Amino acid sequence: MIAQKVLFLVLDGISDRPCEALDGKTPLAAARTPVLDRIAAGGVCGIMDTISPGIRPGSDTSHLALLGYPPQDYYTGRGPLEAEGTGIHMTAGMIGFRCNFATVDENGAVTDRRAGRISGTEPLAEAIRDGVDLSSLGLEFRFNSGVGHRAALALVGEGLGDKVSSNDPKKEGVRPPEIRACTDDPADAKTARACNEFVRQSAEILYHHPLNIQRMKEGLAPANYLLIRGAGKMGEFPQFSERYGLSGSVIAAATLIVGIGKVVGLEHIPVPGATGSVNSDVAAKVRAALAELGRKDFVLMNIKGADEAGHDGNATQKRDFIEVIDAALEPLLDLDETLIVVCADHSTPCPVRDHSADPVPVVIRGPGVRVDRVRRFDEVSCAEGGLHRIRGSDLMPIVMDLINKSHKYGA
């Protein structure tokens, strides 16, 4: 039997390093994961450098690599992808940015880069869309809320560049710097002016917004400032269906992953209750993925909460959420005719609180797969598997071969 369908499951940031809070185990190794272990036991395992050894991947570059779009050829910055994921239709040449709703104090110093991990920011985004005016610069803009504290901005107009700095100080207790042009190109200078003006006008709106006034009454951090980063100029992407001859969908809460899926032509399937955090309804995402496999050849599903716990340095929370994921994945064990790929996009070690270059575990299970002797899905066990150590760019060619859709190299 040869599989005709592919479920590509990315457990965002799930791999880690040994954690003191878990007696020297990684959260994945410390978690009870009977379902992931059964998938590993029924498949071929390995470890993977999603970009290449020693390179710390972003979620954007790693997902592009995993889908077979070399980031050195297609990556133009996270902003355009994030903007597409929030529902802003990005066309070639538009300048996109990722944004955080943040909190600044009365002196203008950042006190929380995520505004207390605020959610439900659509009223704030709507007020900004209604109130900010960049017409004096001859520009229009698009601004949408994303998941949680995230948002995206796109600038539309002539003579714009994407080589500009960020106003995110990356730490608290200091004032956000002005956005500057990184070259002498007048186009970059124009973009920097537009960004600073956008930030200035939006801050006035956010400061007086009723939602923020109410949050302050409740003792919550107001979302009274925007931090902008990840500038990039939207490029062009070959469509997934043309590249592989497969129809496909993307199921993800993170706007970045939704954006990547959409720009390569995967249909986004929204899932109520999917938050991109540790309170996400993972079971609902799994049900949606199974339904999509009924009508599509390829489903990309991203589950992100473990990454957030890693960024927070919370090893026990990460372990516990991994167990939640594992329980929700049990229906996948009945997919006998589907190729299941499970991997991470990068490691997010709790001791580091950021992405690292540590290779991630990967397993492929399904018809035709040579089952190896690995019985556990964790960072160390998978390193003994039959895939050995591969790169992210190797994964789609392996998948295409296993579903008998690759082309012979040579006669």
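Q: How many helices and strands does the secondary structure of the chain come to?
A: In this predicted model, the secondary structure of the chain comprises 14 helices and 13 strands.

Q: What makes the chain as compact as a globular protein of its length?
A: The radius of gyration of the chain is 22 Å, and the globule rule gives 22 Å for 411 residues. The two values are close, so the chain is as compact as a globular protein of that length. Along the principal axes, the C-alpha atoms of the chain fill a box of roughly 65 × 50 × 35 Å. Of the 411 residues, 56% count as buried.

Q: Which residues does the UniProt annotation "domain: Metalloenzyme" cover?
A: According to the unreviewed UniProt entry, this annotation covers residues 4-401. Over residues 4-401 the chain is 33% helix and 19% strand. The C-alpha atoms at the ends of this stretch are 11 Å apart.

Q: Why is helix H3 called largely enclosed by the rest of the structure?
A: A residue is buried when its relative accessible area is under 20%. Eight of the eight residues of helix H3 (residues 59-66) are buried, so the helix is largely enclosed by the rest of the structure. The buried residues of H3 are Ser59, Asp60, Thr61, Ser62, His63, Leu64, Ala65 and Leu66. Just after H3, Gly68 adopts a positive phi of about 85°.

Q: How is it known that the count of disulfides comes to zero?
A: A disulfide requires a pair of cysteine sulfur atoms within 2.5 Å, and by this rule the count is zero. Cys182 is in no disulfide, the nearest cysteine sulfur being that of Cys195 at 11 Å. Cys195 is likewise in no disulfide, as its nearest cysteine sulfur, that of Cys99, is 8.4 Å away.

Q: Is Cys195 buried or exposed, and what value decides the matter?
A: The relative accessibility of Cys195 is 0%. The cut-off for a buried residue is under 20%, and Cys195 therefore counts as buried.

Q: Why is Glu242 called exposed?
A: The term exposed applies over 50% relative accessible area. Glu242 has 65% relative accessibility, and therefore counts as exposed. Glu242 belongs to helix H9 (residues 240-244). Glu242 and Gly265 are 23 residues apart in sequence, with a C-alpha to C-alpha distance of 9.4 Å.

Q: What is noted about the phi of Ala115, and where is Ala115 placed?
A: Ala115 has a positive phi of about 50°, although this residue is not a glycine. Ala115 lies in the loop between strand S4 (110-112) and helix H6 (122-131). Its relative accessible area is 0%, so Ala115 is buried.

Q: Why does Asn404 count as exposed?
A: Asn404 has 57% relative accessibility, and therefore counts as exposed, the cut-off being over 50%. Asn404 is found in the segment after helix H14 (392-402). Its phi is near 65°, a positive value in a residue other than glycine.

Q: How many cavities of 30 Å³ or more does a search of the whole structure find?
A: The search finds two such cavities. The largest cavity has a volume of about 90 Å³. Among the 14 residues that line the largest cavity, those closest to its centre are Arg78, Arg150, Ala254, Thr255 and Lys304. Helix H5 (78-85) and helix H10 (255-263) are the elements that give two or more residues to this lining. H10 contributes the largest share, three residues. By class, the lining of the largest cavity has five nonpolar, four polar and five charged residues.

Q: What lines the second largest cavity?
A: The second largest cavity holds about 50 Å³ of space. Its lining residues include Met48, Asp49, Thr50, His346, Ser356 and Asp358. This lining divides into six nonpolar, four polar and two charged residues.

Q: How do the residues that line the largest pocket divide by class?
A: The lining of the largest pocket has one nonpolar, six polar and 15 charged residues. About 520 Å³ of space lies in this pocket. Of the 22 lining residues, Arg98, Arg114, Arg229, His311 and Asp354 are the closest to the centre of the pocket. Strand S3 (95-104) and helix H12 (305-311) each supply at least two residues of the lining. The largest share, three residues, comes from H12.

Definitions and conventions. Residues numbered from 1 in each chain as written. Predicted model: local features only at pLDDT ≥ 70, side-chain atom pairs only at ≥ 80, totals over all residues. Heavy atoms only, no water. Helix = DSSP H or I, 4+ residues; strand = E, 2+ residues; numbered from the N terminus. Buried < 20%, exposed > 50% of the residue type's maximum accessible area, 1.4 Å probe, protein only. 1 Å grid on protein atoms, 1.4 Å probe; cavity = no way out; pocket = protein on both sides within 12 Å on 5 of 7 lines; lining within 4 Å. Points joined across faces, edges and corners; volume = space filled by probe spheres on them. Nonpolar A, V, L, I, M, F, W, Y, C, P; charged D, E, K, R; others polar. UniProt positions renumbered as here; feature names shortened; annotations may be inferred. Rg over C-alpha atoms; globule rule 2.2 N^0.38 Å.
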